[in-house]
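Trainee: Before we begin, could you take me through a few features slowly, giving the general idea and then the case at hand?

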Amino acid sequence: MRRFLLDIASAILLLSAWAVPGSAALKGDYLEARSADVYTGPCFANSEVGLTGQEAILAWKIQQGDWKGVDLSGLSVVAVVRASATLGDPYHDPYPARSVLIIDSRANSQQRAALAAFVASRTGALLSHVVRVEAAPIQMTVEHGDQHGAARMVAGRFAQIETRSLCQGDHLCGNESVYYPPLVALDHSMPAFTLDSSFSGQGLGEVWKNVDKRSAFVGTF
């Protein structure tokens with residue numbers, strides 16, 4: 001399937017032009033994976049802060065709705081972020097952060113602009129410096145039944161996330177809680193166990209692969 005790269009200057013202008021307040025009747029699933037544990041005890045969190053947690057992958061799958069009159073039903077969009085410090089650390093500023101935006105390759109030009117604007121409206125400063133925009137087929141499935149917490153997202157050759165529900169064996173110190181909240185506002189969210197989270201694209205100066213961490217969120221918006 002044909003892939004394309006939007007001109008960087010055009011992409012930044014596109015985000016700026018569309019990232020204005022406004023109602024959006026959008027509903028769907030959300031998946032987030034960080035490079036530091038988000039469901040953990042303070043002792044584990046303190047061992048990671050400042051050393052890891054600068055990276056995150058955020059994915060939205062829109063089940064239904066439109067953005068400013070543009071129908072986005074069935075489309076997905078992914079943001080990959082590399083910050084300057086541990087994301088969520090209240091004592092250190094994680095900005096500036098650089099990001100790569102991956103837009104569903106099924107979207108037409110109007111839908112691409114609307115997807116970028118929707119993400120910009122949800123992320124604020126987190127996505128204020130988009131260095132690259134890619135298009136790729138995005139597949140994302142989220143379980144809502146007994147296996148809630150199990151999810152999988154693949155964005156072409158660029159990024160992927162796979163999670164499962166947390167279980168009793170994931171409680172290592174007995175003092176775990178949601179130490180870092182999700183990076184965006186959601187209607188509902190729950191922490192999940194990351195089986196695999198990886199980025200292999202260009203633009204952020206590095207690639208990564210994280211496995212077997214309590215570092216994910218599954219939610220709805």
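This is a predicted model: local features need pLDDT of at least 70, side-chain atom pairs count only at pLDDT 80 or more; totals for chains, interfaces and linings use all residues.

Trainee: Is glutamate 32 buried or exposed?

Mentor: Buried is the word for a residue with under 20% relative accessible area. Glutamate 32, which lies in strand 1, is buried with a relative accessible area of 0%. Arginine 34 has its place in strand 1 and is buried as well, with a relative accessible area of 2%.

Trainee: Which residues is glutamate 32 in contact with, once its neighbours within four places in sequence are left aside?

Mentor: Such a list shows which parts of the chain meet at a residue. For glutamate 32 it includes Ile57, Leu58, Ile161, Pro181, Pro182, Leu183 and Phe217. The C-alpha atoms of glutamate 32 and isoleucine 57 are separated by 5.6 Å, although the two residues are 25 apart along the chain. For arginine 34, with its neighbours within four places left aside in the same way, the contacts include Glu55, Leu87, Tyr180, Pro181, Pro182, Leu183 and Phe217.

Trainee: How many residues does the largest nonpolar core have, and which of them have the most contacts inside it?

Mentor: A nonpolar core is read as a set of buried residues joined through side-chain atoms. The largest one here has 31 residues, and those with the most contacts inside it are Leu58, Trp60, Leu72, Leu101, Leu115 and Phe118. Two or more residues are given to this core by each of strand 1, strand 3, strand 5, strand 6, helix 3 and strand 7, and the largest share, six residues, comes from helix 3. Apart from this core lies another, of 25 residues, among them Val142, Ala159, Leu204 and Val218.

Trainee: What is found at the N-terminal end of helix 3, and what just after the helix?

Mentor: At a helix end, one looks for a side chain that caps it and for the backbone angles beyond. Asparagine 108 caps the N-terminal end of helix 3, with a side-chain oxygen 3.1 Å from the backbone nitrogen of glutamine 110, while glycine 124, just after the helix, takes a positive phi of about 60 degrees.

Trainee: Do strands 5 and 6 run parallel or antiparallel, and how many bridges join them?

Mentor: Strand 5 and strand 6 run antiparallel and are joined by six bridges, with valine 77 having isoleucine 103 in strand 6 as its bridge partner. Strand 6 and strand 7, also joined by six bridges, run parallel, and aspartate 104 stands opposite alanine 136 in strand 7. The chain crosses from strand 6 through helix 3 to strand 7, in a β-α-β crossover that is right-handed.

Technical notes: Residues are numbered from 1 along each chain as its sequence is written. Side-chain values use heavy atoms; hydrogens and water are left out. A nonpolar core is a set of buried Ala, Val, Leu, Ile, Met, Phe, Trp, Tyr and Cys residues joined through side-chain atoms within 4.5 Å. Buried means under 20% relative accessible area, exposed over 50%, partly exposed in between (1.4 Å probe, protein chains only). Helices (H or I, at least four residues) and strands (E, at least two) are DSSP runs, numbered from the N terminus. A polar contact is a pair of N or O atoms within 3.5 Å; within protein, one must be able to donate a hydrogen and the other to accept it, and residues adjacent in sequence count only if both atoms are side-chain atoms. Contact means heavy atoms within 4.5 Å. Two strands pair if DSSP finds at least two bridges between them. A crossover is right-handed if, with the strands pointing away from the viewer, the path from the first strand over the helix to the second runs clockwise.
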